[in-house]
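Trainee: I would like to learn how to read a structure feature by feature. Could you walk me through one?

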Amino acid sequence: MPGPTDTKFFARADMEDTRVGAGPKDDPATVAAPGFAALMKGEEKVVAGSLRNKVQAAAARFTPDRLKSEQHRTMAEPGSAE
């Protein structure tokens, strides 16, 4: 369960003008290492990356879906980085 990661994803998805696309991102190696380790252990999921991502993932367990979808919309809305 990676958060925003510094890859070509946001450029390819034409999302560089969004808050999430223009915001801070985790290093791909920092995200991939725990994911690979979890895969090798047979774990179904792991929250990887920054402390911010880990806090958001923990909070998401208690956040209503409606609020999560609104937060996602504001972060991924075209032009929201301005």
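Predicted model: local features only at pLDDT ≥ 70, side-chain atom pairs only at ≥ 80, totals over all residues.

Trainee: Where is Asp14 found?

Mentor: Asp14 is in the loop that joins helix H1 (9–12) to helix H2 (19–22). Its backbone deserves a look too: Asp14 is not a glycine, yet its phi is positive, about 55°.

Trainee: Let me step back to the whole fold. How many helices and strands are there in the protein?

Mentor: The protein has five helices and zero strands, and along the sequence the pattern reads α-α-α-α-α. For the overall dimensions, the C-alpha atoms fill a box of roughly 40 × 30 × 20 Å along the principal axes.

Trainee: What share of the residues is buried?

Mentor: Of the 82 residues, 21% are buried. The accessible surface comes to about 6,200 Å², and carbon and sulfur atoms account for 57% of that surface. As for contacts between residues with a separation of 6 or more, 48% of them join residues 24 or more positions apart.

Trainee: And the charges: how many positive and negative side chains does the protein have?

Mentor: There are 12 positive and 12 negative side chains, with the centres of the two sets 6 Å apart.

Trainee: Now the aromatic rings. What describes a pair of them?

Mentor: Two things do: how far apart the ring centres are, and the angle between the planes. In this structure, a search of the whole model finds one aromatic pair. The rings of Phe9 and Phe10 have centres 5.1 Å apart and planes at 90°, and because planes over 60 degrees apart count as edge-to-face, that is the label for this pair.

Trainee: Which of these two residues is buried, and which is partly exposed?

Mentor: The cut-off for buried is under 20% relative accessible area. Phe10, at 7% relative accessibility, is therefore buried, whereas Phe9, at 48%, counts as partly exposed.

Trainee: I would like to look at the end of the chain next. Where does Ser80 lie, and which residues is it in contact with?

Mentor: Ser80 lies in the segment after helix H5 (65–76). With neighbours within four places in sequence left aside, Ser80 is in contact with Asp17, Thr18, Arg19, Thr74 and Met75. Its relative accessibility is 18%, so Ser80 counts as buried.

Trainee: What about Glu77?

Mentor: Glu77 is also placed in the segment after H5. At 37% relative accessibility, Glu77 is partly exposed. Leaving out neighbours within four places in sequence, Glu77 is in contact with Asp17 and Thr18.

Trainee: How should I compare distance along the chain with distance in space?

Mentor: Take two cases. Glu77 and Ala33 are 44 residues apart along the chain, and their C-alpha atoms are separated by 30 Å. Ala32 and Thr5 are 27 residues apart in sequence, with 9.8 Å from C-alpha to C-alpha.

Definitions and conventions
Residues numbered from 1 in each chain as written. Heavy atoms only, no water. Helix = DSSP H or I, 4+ residues; strand = E, 2+ residues; numbered from the N terminus. Buried < 20%, exposed > 50% of the residue type's maximum accessible area, 1.4 Å probe, protein only. Contact = heavy atoms within 4.5 Å. Areas by Shrake-Rupley, 256 points an atom, 1.4 Å probe, with all protein chains shown as cover. Lys, Arg positive; Asp, Glu negative; His and termini not counted. Charge placed at Lys NZ, Arg CZ, Asp CG, Glu CD. Phe/Tyr/Trp six-rings, centres within 6.5 Å; stacked < 30°, edge-to-face > 60°.
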